[in-house]
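Trainee: I've got a new protein on my screen. Can you walk me through what to look at?

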Amino acid sequence: MSKSPKRKRLKQSTLSDMFRIPSLERQKKQSFEEEVLNELFNPSADSEFKRQQRKLLAEAAENRNCNSGEISKEIPRRCNKQATSSSSGCHKLSSNVESIAVDQTPDEPSTSAAAAASLDLSTSPTLEYHFDDSPPLFSDSEPQSSQGEVNDSDIKVPSLSREKSYGVPYSALNRKPECNGKPKQLTPTSEHTILFRPHIQSGRVPCPYPDAYCDHWSNDFVRMPCSKENLYPYQDENGKKVLISRWDIIKTTLEQGIRNSSDLENAILKYNARYCNKWNFQGLHSFFGHVLDESEHDHFFQTTMPAIIDLALQLPNICTQSPPLLKCKKNHAITMTQKQVASLLANAFFCTFPRRNTQQKKSEYSCYPDINFNRLFEGTYSGKKKNKAEKLKCILNYFRRVTSQEPTGTITFRRCAISNFPDWNRCNRKLCNLHVSTHGTIEDQGKGMLQMDFANKFVGGGVLGYGSVQEEIRFLICPELLVSRLFTEVLDDNECLLVTGPERFSDYKGYANTFEWNGNHVDNTPRDEWGRRYTEIVAMDALRFHSKGNQYRLALLTREMNKAYCGFNDSMTPVVNRSAIATGNWGCGAFGGDPRLKALLQLMAAAECQRDMAYFTFNDARLCSDLHNVHAFLIRHEVTVRSLLNVIQQYSKSGQSLSLYDYIYQFYTKYNESTDEEDQNASNT
């Protein structure tokens, strides 16, 4: 065996310390609201029309208080609980937080409402939005395919500001398991493949089904590394080329043991020989040679690595049938055990999946994301890439956990395709309840809700490359999501991927080029009758825009609303049992979407699906205030989805210098005044 690369003995924690939960540092808050208000609200000469408009805007703004006016009356009785308050200033709260503080008390006058009272007609009733420099919530994954990379330096994370929360309280939003209805029976069907015997016992790993390995080597199933059809060209002692079992080579190689990163590289290339001159393992060597000290290095290769090898080689006994491929235009679900997921990911770690190492257009899996971890091990020859090391910490923490304590739960991956969408120009539903906050995250404060993954159409985006934004981070802290890349074909415009039951294993801090693993995470989310965590994640890819104007084209507006409807739709569940949606600036950041437009499109799709929403603006106080104000205004005026869509279309054709929300305020204010005048004239005659 080759020698281990020379390692620098840096003064770092031991491996056990590396996997310890560090205390979260309280992030410094910056308040800039006074400056914003002084900049935006300039009183000017009065007129009757202006006074009427200011009155309407002030009344709408006052509805930010969840206990006032008509909004509170619309909170479902099933959720009639009192809001809890919190004075926490942390940007990232602990996972067991159940509610977020409303920044203003019920008796405190609304600053925005007071400012709106002196608002000039020519001045925006919302904060002015600058498309080019508006800070994103979570920038989307790579704009290209799963092979492209986002330049993290181009992604700007907004600075922290004073925390704001508006709208209905968290306690008024449906969450699971509290809102759960009667559970469905776990039964395999033509549209649902179950890889284990559906007899769930708490604390025990379900038995795989069938009892003995049954192979499916075809275009409709994952081609498994342990298949007898997985053959590999080999040159014998006489120089003759023969085909032998690739799985036998994998077993022989891994059973010899791996003592360092060079051994790992040599082992992987033993059964991937054609990539000897194409793959590099600089990131892997840098991690074990420079990031970890000698004690950490030795502990991993002596303790964790043998357990990962055993987990990988037990694949035919753990996962006894090939998972079906979730192909385009097909509604199908796969439910598997966490242990089966772990075994599949252990094989991805050792790069054993056949025919998955090329993304050429004519290759068999060109429409699927890559699954083997070779790209994660890559690095530059000139130096280290920090986020690769942080990603490896997340992955190794996952393997440490699942090899030291056997996971007993299950996970469902469901591809949802819809062919019949609503006629949005005839949709008469009104907007549902909204909670909007500058602080909190989808994965923490969105617990029990349907949580958005701002996905690449190749699910997971650049998680195995250099990408480390919203989708990639979610896949790293919940590594079981990575297995979806094994069988999920690229998403079409009318499709999404719904994952139920993934467990979170890591905490993190930072974002994009500042992303860091921040310790082990213990997920205490309860499980349902199928053994799944009450965690639902929906992967939805947005369109990429190069200019603001393009997004207002009717065809593109419709596409985004249809995509959101596909992700939010739950027609088989009674309305009273539908959980709220936890989301944010979907399709913004690297994809160029306008956050204010995308927020409205999501609200419109949620209205048609009759689901409430929690919206996180990631410290963007301007967007938080704007979205709350316009939502309260639309609720007050009982605006329907079709009416709002019509106004958005008119705005795109108006050529006015007003912002979208300004135009909405002006349109409905004028409309109501003209209607009042017509009614008055009719009564006089």
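This is a predicted model: local features need pLDDT of at least 70, side-chain atom pairs count only at pLDDT 80 or more; totals for chains, interfaces and linings use all residues.

Mentor: Let's go from the overall picture to single residues.

Trainee: Okay. How many helices and strands does the protein have?

Mentor: The secondary structure comes to 21 helices and 14 strands.

Trainee: And what share of the residues counts as buried?

Mentor: Of the 685 residues, 59% count as buried. The accessible surface comes to about 29000 Å². Carbon and sulfur atoms account for 46% of that surface.

Trainee: What about contacts along the chain?

Mentor: Take contacts between residues at least 6 apart in sequence. Of those, 80% join residues at least 24 apart.

Trainee: Let's go inside. Which residues have the most contacts in the largest nonpolar core?

Mentor: Phe 349, Phe 350, Phe 377 and Phe 487. That core has 90 residues.

Trainee: Pick one. What does Phe 487 touch?

Mentor: Leave out residues up to four places away in sequence. Then Phe 487 touches several residues, among them Val 222, Pro 323, Pro 324, Tyr 368 and Phe 413. There is also a second, separate core, with 67 residues. Ile 442, Ala 542, Val 630 and Val 641 are included in that second core.

Trainee: You named Phe 349. Which helix is Phe 349 in?

Mentor: Phe 349 is in H11, and it is buried there. H11 covers residues 338-349. From first C-alpha to last, H11 reaches 16 Å, close to the 16 Å expected at 1.5 Å a residue.

Trainee: Is H11 mostly covered or mostly open?

Mentor: Mostly covered. In H11, 11 of the 12 residues are buried. Just after H11, Cys 351 takes a positive phi of about 60°.

Trainee: And H13? How many of its residues are buried?

Mentor: 15 of the 19 residues of H13 are buried, so H13 is largely enclosed by the rest of the structure. H13 runs over residues 386-404 and reaches 27 Å from first C-alpha to last. That is close to the 27 Å expected for it.

Trainee: What sits in the loop between H12 and H13?

Mentor: Glu 378 lies there. Its relative accessible area is 21%, so Glu 378 is partly exposed. Setting aside neighbours within four places in sequence, Glu 378 contacts Asn 280, Gly 283, Lys 388 and Tyr 466. Look at Leu 284 too. Glu 378 and Leu 284 are 94 residues apart in sequence, yet 6.8 Å apart in space, C-alpha to C-alpha.

Trainee: New topic. How many salt bridges does the structure hold?

Mentor: The structure holds 28. Side chains of opposite charge can pair when their charged atoms come close.

Trainee: Show me one.

Mentor: Start with Arg 415 and Glu 495. Their closest N and O atoms are 2.7 Å apart. Arg 415 is in strand E6 and Glu 495 in strand E9, so this pair links distant parts of the chain, 80 residues apart.

Trainee: Are those two buried or exposed?

Mentor: Arg 415 is buried, at 0% relative accessibility. Glu 495 is buried as well, also at 0%.

Trainee: Which salt bridge ties a helix to a strand?

Mentor: Arg 559 and Asp 541 do that. Their side chains meet at 3.1 Å, N to O. Arg 559 lies in helix H17 and Asp 541 in strand E12, so the pair ties together parts 18 residues apart in sequence. Arg 559 is buried at 9%, and Asp 541 at 5%. Salt bridges that share partners join Asp 493, Asp 541, Arg 559, Glu 560, Lys 563 and Lys 598 into one network.

Trainee: Last thing. How many disulfides are there?

Mentor: The structure holds zero disulfides.

Key:
Residues are numbered from 1 along each chain as its sequence is written. Side-chain values use heavy atoms; hydrogens and water are left out. A salt bridge is a side-chain nitrogen of Lys or Arg within 4 Å of a carboxyl oxygen of Asp or Glu. Helices (H or I, at least four residues) and strands (E, at least two) are DSSP runs, numbered from the N terminus. Buried means under 20% relative accessible area, exposed over 50%, partly exposed in between (1.4 Å probe, protein chains only). A nonpolar core is a set of buried Ala, Val, Leu, Ile, Met, Phe, Trp, Tyr and Cys residues joined through side-chain atoms within 4.5 Å. Contact means heavy atoms within 4.5 Å. The expected span of a helix is 1.5 Å times one less than its number of residues. A disulfide is a pair of cysteine sulfur atoms within 2.5 Å. Accessible areas come from the Shrake-Rupley method with a 1.4 Å probe; for residues, only the protein chains shown count as cover.
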